[in-house]
Amino acid sequence: MARVIHLFRQPERFVAGTVGQPGDRSFYLQASENGRTVSVLLEKQQVSVLAERLGALLEEVHRRFGAEVPPDAPEDVVDTEPLEVPLEEEFRVGTMGLGWDADSSAVVVELLAATEEEIDESVVLDDTEEGPDAVRVFLSPVQARAFAQRAERVVSAGRKPCPLCNEPLDAEGHVCPRQNGYRRGEPS
């Protein structure tokens, strides 16, 4: 079967979002352009890494190419709306790629479907016929910065961390490894 590449050259929207309660959330990336929306499922850690790497890429692009890169996206540019529904997952993300398209002065984000086979790195950011399905999004530096800021907020909006071990606190309780099952009693 031929590879499908969902291409978004001028997206109206590219956001990270979640469905579910903290501790049981599913993470999605959603791209929209001209009435077409594609949603992909991924792990919380992948969202976090993508936001972090986008920030690093923007700094490198500014340093090497002198591209105009804002230190922060203006608040009115950061999308705070929920994910579009109905939410139909196109695929689960396995591999992610980032690049800089000097011709259009755009950050390119590519999200490839998870596969059981090893992915040849040459298919990332390429239009080859063979390989996993993909979503490829072109973002201006401002859009990329806005995406990263929202993604960081989405990731950090989960469960509060334990003050002792920094692991997430569950609503039904928390067994803290720093306490080794021992709790100090009240002083007498």
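Strands are DSSP runs of E of at least two residues, numbered from the N terminus. Under this assignment, the predicted model contains two helices and seven strands in its chain. Along the sequence, these elements follow the pattern β-β-β-β-α-β-β-β-α.

The C-alpha trace spans about 75 × 40 × 30 Å along its principal axes. Of the 188 residues in the chain, 39% count as buried. The chain exposes about 11700 Å², and carbon and sulfur atoms supply 47% of this area. Among contacts between residues at least 6 apart in sequence, 62% join residues at least 24 apart.

In soluble globular proteins, nonpolar side chains tend to be buried together. The largest nonpolar core of the model comprises 33 residues, of which Phe 14, Leu 29 and Leu 111 touch the most other members. At least two residues of this core are supplied by each of strands S2 (13-19), S3 (26-33), S4 (36-42), S5 (89-101), S6 (106-113) and S7 (134-139), and likewise by each of helices H1 (44-65) and H2 (141-156). Helix H1 gives the largest share, seven residues. Beyond its neighbours within four places in sequence, Phe 14 is in contact with Leu 29, Gln 30, Ala 31, Val 109, Leu 111, Val 137, Leu 139 and Phe 147.

One of these partners of Phe 14, Gln 30, is placed in strand S3. Gln 30 has a relative accessible area of 1% and is therefore classed as buried, the cut-off being under 20%. The side chain of Gln 30 reaches the backbone nitrogen of Glu 84 at 2.7 Å.

Leu 41 lies in strand S4. With a relative accessible area of 9%, Leu 41 is likewise buried. Not counting residues up to four places away in sequence, Leu 41 touches Ser 26, Phe 27, Tyr 28, Glu 89, Phe 91, Arg 92 and Val 93. The C-alpha atoms of Leu 41 and Thr 18 are separated by 9.5 Å, the two residues being 23 apart along the chain.

Definitions and conventions
Residues are numbered from 1 along each chain as its sequence is written. This is a predicted model: local features need pLDDT of at least 70, side-chain atom pairs count only at pLDDT 80 or more; totals for chains, interfaces and linings use all residues. Side-chain values use heavy atoms; hydrogens and water are left out. Helices (H or I, at least four residues) and strands (E, at least two) are DSSP runs, numbered from the N terminus. Buried means under 20% relative accessible area, exposed over 50%, partly exposed in between (1.4 Å probe, protein chains only). Contact means heavy atoms within 4.5 Å. Accessible areas come from the Shrake-Rupley method with a 1.4 Å probe; for residues, only the protein chains shown count as cover. A nonpolar core is a set of buried Ala, Val, Leu, Ile, Met, Phe, Trp, Tyr and Cys residues joined through side-chain atoms within 4.5 Å. A polar contact is a pair of N or O atoms within 3.5 Å; within protein, one must be able to donate a hydrogen and the other to accept it, and residues adjacent in sequence count only if both atoms are side-chain atoms.
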